Amino acid sequence: MARFAQSIKGVWFILKTLPVFIVRQTPYRNADLILTGLSPEGFLTIHARGVLKITSPFHAMVALGSWSDFTINETKKKAYLEKANLIKFAPLPDQEGLIASIVMQVILQILLLDENADMAASMYPRLVGVRNGMQSALSTYTTFLLQYLDVQGVPMIVDYCVQCQSKLKIVGLNPQLGGFICQNCQAKVSSHLLPAEALVLMRKLKTIPFGEPVNNSTLKLLLPLIHQHFNFHLDVQLEGFKTIETLIQ
Ligand SMILES: [Zn+2]
């Protein structure tokens with residue numbers, strides 16, 4: 001991260017350059033945007049002047065989900081965008097597929113659920129992994145969801161039965177109870193019964209690198225249950241979840 005102190009007509013300001021993902025944009029005045037960006041330092045608010053003008057060279061760089069090196073001027077309380085160099089476009093439906101484009105939007109919504117600075121800084125490298133893993137958008141997305149649940153302290157338990165802690169005869173998953181259910185407990189608490197390959201994939205998904213290809217038809221069985229777990233344990237209702245579930249039917 002480069003930082004330069006400069007002086008113009010005796011007024012000192014700091015220019016710094018750092019990589020930023022655009023997580024939110026709010027229109028301001030005629031042609032400005034107030035951007036929320038996620039950087040290695042956490043969330044930043046950046047005032048981008050004139051970027052909605054047709055002549056602005058920064059349209060692609062300020063789009064939701066795009067990833068760029070931003071040079072910002074922190075002279076006042078606000079940080080102003082001075083320069084931007086695109087690292088990667090936001091995932092585009094015609095280039096990386098509709099799923100990639102939608103899951104990126106949902107991930108941005110998730111990042112905004114909790115703007116706590118410590119957590120945000122740790123989310124930047126994950127978002128880099130997500131962006132670079134878009135060739136397998138659905139598995140990248142699922143791994144992101146599971147890791148996010150871990151970070152938030154409401155992990156999906158996939159190592160043992162959440163009811164009796166047994167590691168044997170796992171047969172299904174209960175999102176409200178928080179994870180796997182064994183055959184003995186199934187009679188008492190009920191769960192979504194899953195085929196063996198889905199249970200194996202569920203275990204694997206937590207630890208695979210972003211972008212690793214998986215069997216998507218098995219993944220489709222798991223995703224609605226992961227969404228249920230997410231909504232129930234974080235007490236949210238993300239609209240994007242339904243969109244993704246509809247798309248992958
Ligand atoms: Zn059990």
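This note goes through the overall build, the domains, the core and the strand pairings of a predicted model.

1. **Overall build.** The protein has 249 residues, and 33% of them count as buried. Its secondary structure comes to eight helices and nine strands. The C-alpha trace spans about 75 × 35 × 30 Å along its principal axes. Take the contacts with a separation of 6 or more: 49% of them are between residues 24 or more positions apart.

2. **Domains.** The assignment gives two entries, domain 1 (2–88) and domain 2 (99–247). Their centres, taken over C-alpha atoms, are separated by 33 Å. The two domains do touch: 13 residues of domain 1 are in contact with 13 residues of domain 2.

3. **The domain 1 side of that contact.** Which strands supply it? Strand E2 (11–28), E3 and E4 each supply at least two residues of the side of domain 1 that touches domain 2. E2 gives the most, with three residues. By class, this side of domain 1 has seven nonpolar, three polar and three charged residues.

4. **The nonpolar core.** The largest nonpolar core has 63 residues. Leu 38, Ala 48, Val 62, Val 103 and Ile 107 have the most contacts inside it. Helix H2 contributes the largest share of this core, eight residues. The core also draws on both domains, with at least three residues from each of domain 1 (2–88) and domain 2 (99–247).

5. **Helix H2.** This helix covers residues 98–111, which is 14 residues. From first C-alpha to last it reaches 20 Å, close to the 20 Å expected at 1.5 Å a residue. Which H2 residues are buried? They are Ala 100, Ile 102, Val 103, Met 104, Ile 107, Leu 108, Ile 110 and Leu 111. Two of the names from the core come back here: Val 103 and Ile 107 are buried in H2, and both are among the residues with the most contacts inside the core.

6. **Ile 107.** Look at this residue in the viewer. Set aside its neighbours within four places in sequence, and Ile 107 is in contact with Val 130, Tyr 141 and Phe 144.

7. Strand E3 (residues 32–39) and strand E4 (residues 42–48) pair in the antiparallel sense over seven bridges. A hairpin through two residues joins E3 to E4. Ser 39 stands opposite Gly 42 in E4. E4 also pairs with strand E6 (residues 79–88), here in the parallel sense and over two bridges. In that pairing, His 47 stands opposite Tyr 80 in E6. Leu 38, named above for its contacts inside the core, falls within the residues 32–39 of E3. Ala 48, also named there, falls within the residues 42–48 of E4.

8. **The three-stranded sheet.** An open sheet has the order E8-E7-E9, with antiparallel pairing. Strand E8 (179–182) and strand E9 (192–193) stand at its edges, each with a single partner strand, so one side of each is left without a neighbour in the sheet. Strand E7 (residues 170–174) and E8 pair over four bridges in the antiparallel sense. Gly 172 has Ile 181 in E8 as its bridge partner.

Definitions and conventions: Residues are numbered from 1 along each chain as its sequence is written. This is a predicted model: local features need pLDDT of at least 70, side-chain atom pairs count only at pLDDT 80 or more; totals for chains, interfaces and linings use all residues. The expected span of a helix is 1.5 Å times one less than its number of residues. A residue is buried if 20 or more other C-beta atoms lie within 10 Å of its own, exposed if 12 or fewer, and partly exposed in between; C-beta atoms are placed from the backbone. Two strands pair if DSSP finds at least two bridges between them. Two residues are in contact if their C-beta atoms, placed from the backbone, lie within 7 Å. A nonpolar core is a set of buried Ala, Val, Leu, Ile, Met, Phe, Trp, Tyr and Cys residues joined through C-beta atoms within 7 Å. Domain bounds come from an automatic or database domain assignment. Ala, Val, Leu, Ile, Met, Phe, Trp, Tyr, Cys and Pro count as nonpolar, Asp, Glu, Lys and Arg as charged, and the others, Gly among them, as polar.
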